[in-house]
Amino acid sequence: MITNPQSGTTIDEIADGIYRISTPVPPTVMPGGFSFNQYLIADAAPTIFHAGPRRMFPLVREAINTVLPAERLRYISFSHVEADECGGLNDFLAIAPEAVPLCSRVAAQVSINDMASRPARAMADGEALSIGSRELEWIDAPHLPHNWETGYLFDRHTRTFFCGDLFTQGGHQTPALTAGDILGSSEAFRAGSSAVMGDYVSGSRNSRKIFDRMIALAPLTLACMHGSAWHDGTPTGAGALLIALADKISA
Ligand SMILES: [Fe+2]
Ligand SMILES: [Fe+2]
């Protein structure tokens with residue numbers, strides 16, 4: 001569903017109670033086109049994974065409001081400290097009085113407890129947080145694909161893995177959910193962007209171990225931050241994709 005005709009921002013439910021908000025960046029602005037996604041987890045303590053860039057805050061807020069009042073948000077969660085992950089954080093904290101940042105302990109200590117207008121709820125690796133009818137698990141993933149403080153969320157109820165910048169796909173008109181080859185398109189995007197900006201994958205020597213943890217979660221859906229979310233209806237498809245990505249990028 002389109003929530004803003006000017007920007008082309010959309011919101012779509014991709015798993016039970018999980019909504020992908022996506023704003024396209026046309027090829028005239030970024031060669032090949034691109035997209036910025038945030039995910040709303042609608043539960044008793046509504047949570048978003050990624051606040052979006054600060055300049056997109058009005059668009060993300062508008063999209064959330066089609067499901068629940070953005071003022072009710074309780075957790076503003078994000079993978080790492082970059083503008084597209086948490087640029088809109090303080091804007092959300094300003095409109096949602098109960099909201100706090102939700103991030104890794106490193107992110108809280110190194111950046112967020114200074115940069116954010118309220119202290120973070122810092123998550124330890126493997127820690128679970130109840131947000132009502134479901135639990136969210138935090139997975140530390142330092143330097144995968146980049147940034148020391150990086151981590152991810154896993155919704156144990158729908159087995160959705162919020163995988164942030166992993167499987168970053170180019171293009172500005174990607175479907176909300178696909179069973180297609182997101183590894184092929186993300187590796188093609190990585191090759192193209194590497195030539196211009198350098199590789200966004202840092203190549204940590206611990207990445208294989210971190211991938212093994214992700215695979216052990218047995219996710220069903222991959223909620224990507226750029227491009228389509230992925231789901232093929234099989235219990236092992238997402239794990240196979242993670243194994244294939246690990247083979248591509250692990251040191
Ligand atoms: Fe990033
Ligand atoms: Fe990102």
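## Leu222 and its surroundings

Leu222 touches Phe161, Cys163, Phe167, Ala229, Trp230, Ala238 and Leu241, leaving aside residues up to four places away in sequence; two residues are in contact if their C-beta atoms, placed from the backbone, lie within 7 Å. The structure is a predicted model, in which local features need pLDDT of at least 70 and side-chain atom pairs count only at pLDDT 80 or more, while totals for chains, interfaces and linings use all residues. Residues are numbered from 1 along each chain as its sequence is written, and chains are lettered from A and ligands numbered from 1 in the order in which they are written.

Leu222 belongs to strand E14 (residues 221-224). Helices (H or I, at least four residues) and strands (E, at least two) are DSSP runs, numbered from the N terminus. In a regular strand the side chains alternate between the two faces of the sheet. In E14, Thr221 and Ala223 point one way, Leu222 and Cys224 point the other way, and all are buried. A residue is buried if 20 or more other C-beta atoms lie within 10 Å of its own, exposed if 12 or fewer, and partly exposed in between, with C-beta atoms placed from the backbone.

## Pairing of strand E14

Strand E12 (residues 160-164) runs parallel to E14 and is joined to it by four bridges; two strands pair if DSSP finds at least two bridges between them. The bridge partner of Phe162 in E14 is Ala223.

Strand E15 (residues 229-231) runs antiparallel to E14, with two bridges between them. Here the bridge partner of Leu222 in E15 is Trp230. The hairpin of E14 and E15 has four residues between the strands, and Gly227 in this hairpin takes a positive phi near 105°.

## The nonpolar core

The largest nonpolar core has 66 residues. Such a core is a set of buried Ala, Val, Leu, Ile, Met, Phe, Trp, Tyr and Cys residues joined through C-beta atoms within 7 Å. The residues with the most contacts inside this core are Tyr39, Ile76, Phe161, Cys163, Leu222, Ala223 and Cys224. Helix H1 (residues 57-64) supplies the largest share of the core, namely five residues.

## The eight-stranded sheet

Eight strands form an open sheet of mixed pairing, in the order E1-E2-E3-E4-E5-E6-E7-E8. Strand E1 (2-4) and E8 are the edge strands, each pairing on one side only. Neighbouring strands of this sheet are turned by 25° against each other on average, direction ignored. Axes are lines fitted to C-alpha atoms, for helices over the stretch in contact, and angles run from 0 to 180 degrees between N-to-C directions.

Strand E2 (residues 9-15) and strand E3 (residues 18-25) pair in the antiparallel sense over five bridges, and the bridge partner of Thr10 in E3 is Ser22. H1 packs on the sheet, where it touches E1, E2, E3 and strand E4 (34-41). The direction of H1 makes about 135° with that of E1.

Four of the five residues of strand E7 (residues 100-104) are buried, so E7 is largely enclosed by the rest of the structure. E7 runs parallel to strand E6 (residues 75-77), with three bridges, and the bridge partner of Ser77 in E7 is Leu102. Three bridges also join E7 to strand E8 (residues 121-123), again in parallel; the bridge partner of Ser104 in E8 is Met123.

E7, helix H4 (residues 105-115) and E8 make a right-handed β-α-β unit. A crossover is right-handed if, with the strands pointing away from the viewer, the path from the first strand over the helix to the second runs clockwise. H4 lies across E7 and E8 and runs at about 115° to E7. The buried residues of H4 are Ala107, Ala108 and Ile112. They cover an arc of only 85° around the axis, which puts them on the same side of H4; the arc is that of the directions from the helix axis to the C-beta atoms. These buried residues pack against E7 and E8.

## Backbone exceptions in loops

Most residues other than glycine have a negative phi, and most peptide bonds are trans. His50, in the loop between strand E5 (47-49) and H1, has a positive phi of about 90° although it is not a glycine. His50 counts as buried because it has 27 C-beta neighbours inside 10 Å.

The loop between strand E10 (135-140) and strand E11 (151-155) contains Pro145, which a cis peptide bond joins to Leu144, with omega about 0°. Asn147 is found in the loop between E10 and E11 and has a positive phi of about 80° although it is not a glycine. With 23 C-beta neighbours inside 10 Å, Asn147 counts as buried.
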